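This report describes one protein chain for a reader who is new to structures. Please keep the sequence and the 3D view open while reading.

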Amino acid sequence: MYTLYFHPYSQHSRRVVALLDACRLPYEPRLVALENGEHMSDAYLAVNPNHQVPTLVDGDLVLHESTAILRYLCNRHRLDDWYPTDLGRRAMVDQWTDWGQSRMAPAVFDIVFNSVFAAPDARDLDAVKLGKTVMTELVPLMETALGEANWIAATPGPSIADLVLGSNITQLGLAGWRPAGGRIKAWYARLCEVKAFADTLPVELEAV
């Protein structure tokens, strides 16, 4: 059985939880209380020296990065619906998965951390502004990519790329802000119909 160190307000954790639950893969959840600084404790640093979540433990294997965890689970359990075996389609899933991490996630962090989680006297409003500026560039790219497709990589059903992007969009909701694109809105609504994804939503966003 896997062990998953996580926190429900971490979008990186939620995407892994969603895949595990959607595919009914058994795991032991271990909450890392970020709000209490548990991620900086000696005990957790021994598990993940990056002091971040999630961390997946599978026997002697310890994985720290959420996208690496998603790919590992898909490869190990042949979750081809979530991570296609066709090389071209898989490349598109990889592209949007990496785009979500390298382009979108930093902007989301700037917006949410400095609007919600940072102490009021430590909030960087310039970072919030920059994050929103970056998102105004990214939203049209995602709108165009969706086109007439239901899912970001034009897969028959949701892929791990949708989990990555969807968890980022959910995170923006914590700051009371979401992209206004019509295709993104419809895509996100479809993703929320996936029970395992919907079950990860922070309680204050369940009806959003």
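The text below goes from the whole chain to its helices, charged pairs, aromatic rings and backbone.

## The chain as a whole

The structure is a predicted model. Eight helices and four strands make up the secondary structure of the protein chain. Read from the N terminus, the elements follow the order β-α-β-α-β-β-α-α-α-α-α-α. The radius of gyration is 17 Å, close to the 17 Å that the globule rule gives for 208 residues, so the chain is as compact as a globular protein of that length. The C-alpha trace spans about 50 × 45 × 30 Å along its principal axes.

How much of the chain is buried? Of the 208 residues, 49% are buried. The accessible surface comes to about 10200 Å², and carbon and sulfur atoms account for 54% of that surface. Contacts can also be sorted by separation along the sequence. Among contacts with a separation of 6 or more, 66% are between residues 24 or more positions apart.

## Salt bridges

Seven salt bridges turn up in a search of the whole structure.

| Salt bridge | Closest N and O atoms |
|---|---|
| Arg-30 and Glu-28 | 3.1 Å |
| Asp-94 and Arg-71 | 3.1 Å |

Asp-94 pairs with Arg-71 in a salt bridge. Asp-94 lies in helix α4 and Arg-71 in helix α3 (residues 66-77), so this pair ties together parts that are 23 residues apart in sequence. Are these two residues buried or exposed? Both Asp-94 and Arg-71 are buried. Salt bridges that share partners join Arg-71, Asp-94 and Asp-98 into one network.

## Aromatic rings

The whole structure contains six aromatic pairs. In one of them, the ring centres of Trp-96 and Trp-99 are 4.8 Å apart and the planes stand at 70°, so the pair is edge-to-face. An angle over 60 degrees is what counts as edge-to-face. Trp-96 and Trp-99 are three residues apart in helix α4, and therefore about one helical turn separates them. Trp-96 is buried, and Trp-99 is buried as well.

Phe-109 and Phe-113 form another aromatic pair. Their centres are 5.0 Å apart and the angle between the planes is 10°, which is a stacked arrangement. Phe-109 and Phe-113 are four residues apart in helix α4, and so they too are separated by about one helical turn. Phe-109 is partly exposed, with a relative accessible area of 47%, and Phe-113 is partly exposed at 33%.

Phe-109 and Phe-113 also belong to a nonpolar patch on the surface. Which residues complete the patch? Val-116 and Phe-117 do, and the four residues together have about 340 Å² of accessible area. Phe-113 lies in helix α4, which covers residues 87-117.

Elsewhere in the chain, ring pairs link Trp-187, Tyr-188 and Phe-197 into a cluster.

## Backbone details in loops

The loop between α2 (42-47) and β3 (55-58) holds Pro-54. Val-53 and Pro-54 are joined by a cis peptide bond, with omega about 5°. His-51 lies in the loop between α2 and β3. Although His-51 is not a glycine, its phi is positive, at about 50°. His-51 is partly exposed, with a relative accessible area of 33%.

Where is Ala-154? Ala-154 sits in the loop between α5 (125-146) and α6 (160-174). Ala-154 is not a glycine either, yet its phi is positive, at about 60°. The relative accessible area of Ala-154 is 42%, and the residue counts as partly exposed.

Definitions and conventions: Residues are numbered from 1 along each chain as its sequence is written. This is a predicted model: local features need pLDDT of at least 70, side-chain atom pairs count only at pLDDT 80 or more; totals for chains, interfaces and linings use all residues. Side-chain values use heavy atoms; hydrogens and water are left out. Patches are made of residues with over 30% relative accessible area and no salt bridge: like charges are joined within 9 Å, nonpolar side chains (Val, Leu, Ile, Met, Phe, Trp, Tyr) within 5 Å. Accessible areas come from the Shrake-Rupley method with a 1.4 Å probe; for residues, only the protein chains shown count as cover. A salt bridge is a side-chain nitrogen of Lys or Arg within 4 Å of a carboxyl oxygen of Asp or Glu. Helices (H or I, at least four residues) and strands (E, at least two) are DSSP runs, numbered from the N terminus. Buried means under 20% relative accessible area, exposed over 50%, partly exposed in between (1.4 Å probe, protein chains only). The radius of gyration is taken over C-alpha atoms; the globule rule is 2.2 Å times the number of residues to the power 0.38. Contact means heavy atoms within 4.5 Å. Rings of Phe, Tyr and Trp (its six-membered ring) pair if their centres lie within 6.5 Å; planes under 30 degrees apart count as stacked, over 60 as edge-to-face and the rest as tilted.
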